Amino acid sequence: MTNAMAADAPTSASAPAASAASAAMSAPAASASEPAAKASSAMVAATSAPASQAPSELITRGKYLARAADCAACHTSADGAPFAGGVPLKSPFGTFYGTNITPDKTNGIGGWTADDFYRALHDGVAPDKVLYPAMPYTSYRQMTRADSDAIYAYLMSVKPAAVPNRKHDLSFPYNMRFAMRAWDWMFLKDTLPDASKGQSADWLRGRYLANALGHCAECHTPRGTFGQLDKAKPLGGAALARIAAPDLTPDALAARGWTVKDLQTFFGTGIAPQGSAFGEMYPVVHLSTQYLTGDDLRALSTYLLGDAPPAPKPLPDHPDTSKLMAGRNLYLAVCAGCHAADGTGKPHVAVSMLGNSTVRQKDPRNLIVTILDGVEAQKFPGLEAMQDMPGFDKRLTDAQISELSNYLRVAYGGQAGDVNSEIVKQLRQK
């Protein structure tokens, strides 16, 4: 098991919608609330001037904001042109496909005005149709007009790509797009509830980064029967993909050992003492959060834990694993070669299991799925990298995986050893 139980910290992009670098763009509060004159000039430039004439500083700021909004996660496929679409977004309602948002006039948004773009982000309405909330306008609704115009100016500056959009593959009745008007009437709100408390400048900026640009709630907040965000459980965790988006409330983060400093490191590099980004969170770091300024990284982390963050929960000093010898033997046989016999990991090879955020998660789902499926090799900012971890779905039985999971949870995570074969079986079949 290499970087197996990599950190389960915040996932802000991807399902059901996709989830910034130089000092010139970085004033943390500036993107959220530009001075009136600058905001006005930004809107005028983006709305009335051709893309080629948009001020370079506006395009530069728009690029930063597009990264903060994680546009590439849904609109740039692995082997496709930038922002040309095609990324599959699986959901309980079927598969959505990210659309072409290049300036191509036939397939992209080259025929859109800045007003059209803002209406799509704010109201979920494109010039020719209503949008599905797989495009996270439920979060982007909180974006300022100035920031919307800056992103528009940037997108109008990228190379047009003549790539046709792929039709969504949705089951009945979700394929009836006109029903979205009723959905919007019932569920589209101007703001999202907060999971933490604060009033500092960092907290307020972090709220904008998390709730509007980063659209963290789209993956980390549970959803109701009709796919609407459960406003009673903001950032309470949700299993929209095979790897679940974990609970990001302050108490849940502290229970897994997170601090503001560690979160800041994680968002900026993809690696922290609690593990590395994997699953749906890896592209969020790779495409988005690694480009955030230091001030914005601090603000985002402050918002998640609040102005008065709870103390991180310590691990037990001497966990009792005397009844878990079968799991320990499995760990030594198939995991210790990369993660070390004492669970402390190996630099540039595999993350530590000791205090790992996924191992410390109350719900064992992500731990079990990672053991079953493995983790691809990962490259992080700078020279850091983690080797791939093979999946053990063919090598270990349900009983063995439950034994291994229980040993990891008790020995390194301070959790109960309550995983059974039936839980593994259900996750294996999905």
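Me: Which residues of H2 are buried?
Reply: The buried residues of H2 are Leu-58, Ile-59, Arg-61, Gly-62, Tyr-64, Leu-65, Ala-66 and Ala-68. The model is predicted, and the cut-off for buried is under 20% relative accessible area.

Me: How do you know that the span of helix H2 agrees with its 13 residues?
Reply: Helix H2 covers residues 56-68. The expected span is 1.5 Å times one less than the number of residues. For H2 that gives 18 Å, and the end C-alpha atoms lie 18 Å apart, so the two values agree.

Me: Why is Ser-91 called buried?
Reply: Its relative accessible area is 18%. Buried means under 20%, so Ser-91 qualifies. The residue sits in strand E1.

Me: What makes the pair of Ser-91 and Gly-94 a polar contact?
Reply: A polar atom of the Ser-91 side chain lies 2.9 Å from the backbone oxygen of Gly-94. The cut-off is 3.5 Å, so the distance falls within it.

Me: What joins Phe-172 and Pro-173, and what is omega?
Reply: A cis peptide bond joins them, with omega about 5°. Most peptide bonds are trans. Pro-173 belongs to the loop between strand E5 (169-170) and helix H7 (180-187).

Me: What is the phi of Leu-235?
Reply: Phi of Leu-235 is near 60°, a positive value in a residue other than glycine. Leu-235 is placed in the loop between helix H9 (217-220) and helix H10 (250-255).

Me: Is Leu-235 buried or exposed?
Reply: Leu-235 has a relative accessible area of 4%. The limit for buried is under 20%, so Leu-235 counts as buried.

Me: Why does His-348 count as exposed?
Reply: Its relative accessibility is 51%. Exposed means over 50%, so His-348 passes that cut-off. His-348 lies in the loop between H15 and H16. Its phi is also positive, near 65°.

Me: Is Ser-357 buried or exposed, and where is its place?
Reply: Ser-357 is in the loop between helix H15 (336-339) and H16. At 0% relative accessibility, Ser-357 is buried, as the cut-off is under 20%.

Me: How many residues apart in sequence are Ser-357 and Leu-253, and how many Å apart in space?
Reply: Ser-357 and Leu-253 are 104 residues apart in sequence. In space, their C-alpha atoms are 8.8 Å apart.

Me: Why does Ala-252 count as buried, and where is it found?
Reply: Ala-252 is in helix H10. Its relative accessibility is 15%. Buried means under 20%, so Ala-252 counts as buried. Ala-252 and Gln-361 are 109 residues apart in sequence, yet 8.5 Å apart from C-alpha to C-alpha.

Me: Why does Leu-396 count as buried?
Reply: Leu-396 has 8% relative accessibility. The limit is under 20%, so the label of buried holds. Leu-396 lies in the loop between strand E9 (385-386) and H17.

Me: Which residues of the largest nonpolar core touch the most other members?
Reply: Tyr-331 and Leu-408 do, among 108 residues. Helix H17 (residues 398-413) gives the largest share of this core, seven residues.

Me: What is the volume of the largest pocket, and which residues are closest to its centre?
Reply: The volume is about 1,100 Å³. Of the 32 lining residues, Gly-279, Glu-280, Tyr-282, Pro-283 and Glu-376 are closest to the centre. H12 supplies the largest share of the lining, four residues. The lining divides into 17 nonpolar, nine polar and six charged residues.

Me: Which residues lie nearest the centre of the second largest pocket?
Reply: They are His-75, Thr-99, Ile-101, Lys-129 and Leu-131, out of 44 lining residues. The pocket holds about 900 Å³ of space. By class, its lining has 26 nonpolar, 11 polar and seven charged residues. H3, strand E2 (94-97), helix H4 (114-123) and helix H6 (145-155) each supply at least two of the lining residues.

Methods:
Residues are numbered from 1 along each chain as its sequence is written. This is a predicted model: local features need pLDDT of at least 70, side-chain atom pairs count only at pLDDT 80 or more; totals for chains, interfaces and linings use all residues. Side-chain values use heavy atoms; hydrogens and water are left out. A nonpolar core is a set of buried Ala, Val, Leu, Ile, Met, Phe, Trp, Tyr and Cys residues joined through side-chain atoms within 4.5 Å. Buried means under 20% relative accessible area, exposed over 50%, partly exposed in between (1.4 Å probe, protein chains only). On a 1 Å grid over the protein atoms alone, a cavity is a set of points where a 1.4 Å probe fits but cannot get out, and a pocket is an open set with protein on both sides within 12 Å along at least five of seven lines; lining residues have an atom within 4 Å of a point. Grid points are joined across faces, edges and corners, and a volume is the space filled by probe spheres set on the points. Ala, Val, Leu, Ile, Met, Phe, Trp, Tyr, Cys and Pro count as nonpolar, Asp, Glu, Lys and Arg as charged, and the others, Gly among them, as polar. A polar contact is a pair of N or O atoms within 3.5 Å; within protein, one must be able to donate a hydrogen and the other to accept it, and residues adjacent in sequence count only if both atoms are side-chain atoms.
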